[in-house]
Amino acid sequence: MADVQPFRAFRYNLARVGALEDVIAPPYDVIDADLQRRLHEQHPANVVRLILGYEQPTDNDHDNRATRSAACLREFMADDVLLQDSQRSMTVVHQEFSAGGRTLVRKGFIARVRLEPFGSGTVFPHEETLPGPKADRLRIFRATAMNLSPVFGLFPDELCDAQEILDQAVGRALPLQATDHNGVVTRVWSVTDHAAVTAVSAFLGDKPIYLADGHHRYETALAYLAEREEQARRHGNTLEPDHPARFIMMYMVGMSDPGLEIQPTHRLVSGLPGLTAARLAELLAPAFELRPVGKGAEGCREASDEIEMDGGQDLLAFGTRADGQWTMARLTDPARMAQRHPAKSEAWRSLGVAIAHGVAIDDLLAPLIQGTPGIRYVHTHEEVSADLAAGGGADLGILVPAATMDLVAEIASGGERMPAKSTYFYPKIGSGLAFHQLR
């Protein structure tokens, strides 16, 4: 059973720091160097100093980004920049944002969820992870003993009953409000009503939870828990059943929430110098039906619109930097995916990102790629066309369709994981809305 609980959160003391929007930040993995600098300059207590401080050439085992994060956290606590709630609570979070010309509001809440090894309980990953980010996050876990950012979980709730319980508990109370650098408006309420949080915990007890974002941090939390358990064993003890390290802070959203937005993660591929649309067509012809669509930024936009209007997973678009041409490509030989990935489910093999890698990059284009292909990930067609136009290093742009929530749930429930960077749940849930202490 999923064990979802309220907890005594640490929060920013706005009497000391001023506006909430000055101290929150996106998750560490979407902060580039420019945003990192701006957040550091924005406020001396911005959470970026905890989640993504600067690395220094002189870093060593005793003085590094993780140890400086811990020192900064201790300073925040000593100066009452962060204060712990007197009562256990769940934190209601509404995020208002624009997407595709629409204004949406995604509703969710922050609680703590008991950690379970993947495959052993009711928490399911949906995406592959990379080793580098996990090692970096583990150092920060060890140094701070704090969940500094919530991971993002989804659960089935056709009628949005869990959120309705908490929203009714909020009533007409005024929220804390913050607007981030992308114009996303976040509104926050703390719910301490015992009946409400107990009802939500009970409702979620028999529900699966699918990780939408934060896979690296979840796996890091499992590694940290294993370390704490081993430390206790070495001292002849056991870690208490409700020790905070057995839990992770999670932002939870019902899968039927009207504001749930999944965006694609497009690919920028290097290692194919001089590749033209004509040569691309020759290489992809055995498995795709191909058609030119336009050139440059306008062609990229047309291709993106066509993929969105199509609504399927088998239509991709390829942009070649050498001639600026965009080409639509629909898979006509799905048997290639079955041959390359026989152990995967049909749902997994139908994914646009799986087709882009399994058939295009790793199969048909592989003989032309010089060395290991360099792949970068972006979320908008504007970023793709700008990179290709500027000669940013990519020789080929690949637009992929967004995965659907049904596919995410089907693949995760079957014990499989999508390729890394398959989904982008927009907007990200910010860091700094609440903190969960692991001691």
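This report describes the overall build of one protein model and the arrangement of its helix α7.

The model is predicted: local features need pLDDT of at least 70, side-chain atom pairs count only at pLDDT 80 or more, and totals for chains, interfaces and linings use all residues. Residues are numbered from 1 along each chain as its sequence is written, and side-chain values use heavy atoms, with hydrogens and water left out.

The protein contains 15 helices and 21 strands (DSSP runs, with H or I over at least four residues for helices and E over at least two for strands, numbered from the N terminus). Its radius of gyration is close to the value that the globule rule gives for 439 residues, so the protein is as compact as a globular protein of that length. That radius is taken over C-alpha atoms, and the rule is 2.2 Å times the number of residues to the power 0.38.

| Quantity | Value |
|---|---|
| Radius of gyration of the protein | 23 Å |
| Span of the C-alpha trace along the principal axes | about 65 × 50 × 50 Å |

Of the 439 residues, 55% count as buried; buried means under 20% relative accessible area, exposed over 50%, and partly exposed in between (1.4 Å probe, protein chains only).

Helix α7 covers residues 194-204, and within this helix Ala196, Val197, Val200, Ser201 and Leu204 are buried. Seen down the axis of α7, these buried residues fall within an arc of 130°, so they line one face of the helix. The arc is that of the directions from the helix axis to the C-beta atoms. The face of α7 turned away from the buried side carries the exposed residues His194, Ala195 and Ala202.
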